[in-house]
Amino acid sequence: MRLSADVVIVGSGPGGAVMAKELSEIAGLSIILVDAGPYVLERYYQQLELKMTELFWERGNRVTDDLSTQILQARCVGGGTVVYTGTAHKVPDFVLNDWAGRWRVEGFTRGDLDAGYERVASNMFITEHTEEDWNDNNRLFVEACTGNNIGVENLKRFVDKCIGCGFCYQGCKYRRKVTMLNTYLPKAFANGVQLISNFHVNEVLYDPKTKRASGVKGVVKPTPPLAERNSVPEGSLEINARLVVMAAGAINTPSILLRSKSLPDLGAALGRFVLMQNAHNVHILMPYKVSMIRGIPKAASTKEFLDSHRFVIAPAQNHPIATANDVTGFGLNWKHLMRYFHNLLQWQVICGDDPHFTNYVYLDSTGKTNVRYLYSPDYIERQIAGLRTCARLAFSIGAERVFLGPTKNGYVTNRNMNALDHHIHRKYFSPGRFSLTTAHPQGGCRMGGNPKHSIVNSNGRAHRINGLIVSDASIFPSPTHVNPVYTILAATTLIALRTKEDIDKLLE
Ligand SMILES: Cc1cc2nc3c(=O)[nH]c(=O)nc-3n(C[C@H](O)[C@H](O)[C@H](O)COP(=O)(O)OP(=O)(O)OC[C@H]3O[C@@H](n4cnc5c(N)ncnc54)[C@H](O)[C@@H]3O)c2cc1C
């Protein structure tokens with residue numbers, strides 16, 4: 001089957017949905033928005049942890065090629081916002097200074113981004129949590145921080161009257177989460193954007209005569225039972241378009257571009273400088289039952305170490321399967337621990353790595369997307385510092401044991417509390433020894449002023465060919481160091497508005 005439109009947008013997460021809604025305000029512009037995942041509305045969500053892994057890429061099992069890091073990304077219409085907790089952080093100044101200084105990104109000053117954040121806030125809804133929203137996990141976190149003279153702040157989230165059901169990662173059945181499904185996408189559809197779900201784009205097409213990206217090609221897969229019907233039949237599909245917007249996310253956008261054999265060379269940086277920003281899950285065994293999976297997942301956090309060590313600590317919320325996946329251990333010991341699931345608190349150390357050319361997305365001999373990643377020594381030091389801080393905080397409120405990875409056995413007990421620097425150590429930080437998870441991958445198709453080090457310019461436009469724009473987390477040249485979604489929304493808003501301004505020229 002063959003379709004055509006002025007613009008095709010690949011991916012309906014924050015980057016793609018923002019672009020679809022903003023461009024749909026241009027009268028007469030035809031837009032097709034496609035996504036590899038199903039269109040699963042709130043009424044289909046089941047609060048079943050295993051079942052709802054269907055909303056994730058590779059059912060949540062995508063990993064780096066050394067198996068060290070699990071990469072969580074959504075595979076459904078609405079992208080990551082369907083499964084996120086919705087924490088809304090603005091990017092710190094030191095990140096923007098790095099983008100402008102080291103990577104020559106223009107037009108992303110604090111003032112520019114603030115205008116983007118403001119426009120996003122006017123399309124979404126942000127709640128600032130207060131003390132009334134704390135479950136045990138949040139309350140004990142705040143108690144630990146204040147008891148150790150560490151400042152905490154109330155968290156802001158993209159939610160409206162969250163009831164604290166605890167099923168954010170499975171999709172919010174109660175429509176309290178503010179996502180692309182209930183904000184940007186309905187506005188885009190009302191303006192005439194056509195959605196094609198279950199369409200796995202394999203490659204971007206190129207027209208050598210016009211020397212432009214000219215569309216996308218792939219396969220429409222069957223619609224799963226609990227999802228909206230598709231607007232096209234199953235089978236091969238080619239969409240011809242005058243402008244191709246890639247918004248398939250940090251790993252998938254570079255992977256599709258690498259797979260696009262008809263495209264000319266987009267630059268040596270394609271797929272390179274991938275960034276792991278890990279949410280390192282720390283599980284804390286308390287001597288009594290606590291509420292971790294019920295209640296508001298994240299209501300407070302500390303950014304006290306952001307400037308000095310570039311990590312943030314916040315409470316989080318894992319269900320049993322994710323917890324079992326995170327906690328190091330085997331056999332009876334591990335089974336014994338899982339019996340105490342209801343005594344566990346969960347906090348996260350969120351820490352981003354520096355960009356390195358040697359960290360990259362590639363296609364293996366079977367054509368499968370893979371990621372090669374080696375953590376930098378600087379990252380490991382900062383991550384270790386975050387984990388030691390977390391353990392100290394946990395023991396100060398009476399924790400018995402803290403499961404956090406880089407130790408001899410994967411955990412430290414309260415008997416080790418006076419020698420944490422010895423027990424939590426970089427010598428234990430090696431692939432496969434413990435589980436690392438990122439839900440915030442970035443980079444791989446980075447923006448910048450120098451085509452040697454970047455793929456797109458500060459307007460998201462490919463340096464080397466016309467008709468190709470990238471609008472997702474893959475454009476970030478260095479990590480946000482805080483949860484990224486608000487910044488992805490704001491940055492892609494700027495790109496969308498600049499695209500809108502130049503639309504006639506871009507379609508020529
Ligand atoms: C479990 C979880 C919790 C999170 N919680 C938070 C949080 O609380 N706060 C925060 O700031 N961030 C959070 N994030 C991160 C945030 O959701 C992502 O950073 C953000 O969604 C990335 O936006 P994006 O547009 O770059 O890509 P995505 O949201 O990943 O969207 C990309 C879309 O492209 C589609 N796609 C991919 N490949 C193809 C293809 N070949 N063909 C067609 N379509 C394709 C995908 O199906 C997907 O819908 C969380 C992420 C996860 C997974």
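This is a predicted model: local features need pLDDT of at least 70, side-chain atom pairs count only at pLDDT 80 or more; totals for chains, interfaces and linings use all residues.
Which side chain does R175 meet in a salt bridge?

View 1. The side chain of R175 meets that of E42 in a salt bridge, with a distance of 3.7 Å from N to O. R175 belongs to the loop between β6 (156-157) and α5 (184-190), while E42 belongs to the loop between β2 (31-34) and β3 (69-71), so this pair ties together parts of the protein that are 133 residues apart in sequence. The structure as a whole holds 29 salt bridges, and the pair of R175 and E42 is one of the pairs that meet in this way.

**View 2. The shell of residues around the ligand.** The ligand is surrounded by 38 residues, and the closest of these are D35, A36, G80, T87 and V485. When the residues of this shell are sorted by class, 21 are nonpolar, 14 are polar and three are charged.

View 3. At P484, a backbone N or O atom lies 3.2 Å from an oxygen atom of the ligand. On its own the ligand has 1,000 Å² of accessible area, and the protein covers 96% of this area. Two or more residues of the shell are given by each of the elements α1 (14-23), β8 (199-207), α6 (252-259) and α12 (485-501), and the largest share, three residues, comes from β8.

**View 4. The largest cavity and its lining.** The model has three cavities of 30 Å³ or more, and the largest cavity has a volume of about 100 Å³. The lining of this largest cavity is made up of 14 residues, of which C162, G164, C165, C168 and C172 lie nearest its centre. By class, the lining of the largest cavity divides into nine nonpolar, two polar and three charged residues.

**View 5. The second largest pocket.** The second largest pocket holds about 400 Å³ of space, and the 23 residues that line it include N325, G432, R433, F434 and S435, which lie nearest its centre. Among the elements of the structure, β3 and α8 (320-326) each supply at least two residues of this lining. Sorted by class, the residues that line the second largest pocket are seven nonpolar, 13 polar and three charged.

Terms used. Residues are numbered from 1 along each chain as its sequence is written. Side-chain values use heavy atoms; hydrogens and water are left out. A residue is near a molecule or strand if one of its heavy atoms lies within 4 Å of it. A polar contact is a pair of N or O atoms within 3.5 Å; within protein, one must be able to donate a hydrogen and the other to accept it, and residues adjacent in sequence count only if both atoms are side-chain atoms. Accessible areas come from the Shrake-Rupley method with a 1.4 Å probe; for residues, only the protein chains shown count as cover. Helices (H or I, at least four residues) and strands (E, at least two) are DSSP runs, numbered from the N terminus. Ala, Val, Leu, Ile, Met, Phe, Trp, Tyr, Cys and Pro count as nonpolar, Asp, Glu, Lys and Arg as charged, and the others, Gly among them, as polar. On a 1 Å grid over the protein atoms alone, a cavity is a set of points where a 1.4 Å probe fits but cannot get out, and a pocket is an open set with protein on both sides within 12 Å along at least five of seven lines; lining residues have an atom within 4 Å of a point. Grid points are joined across faces, edges and corners, and a volume is the space filled by probe spheres set on the points. A salt bridge is a side-chain nitrogen of Lys or Arg within 4 Å of a carboxyl oxygen of Asp or Glu.
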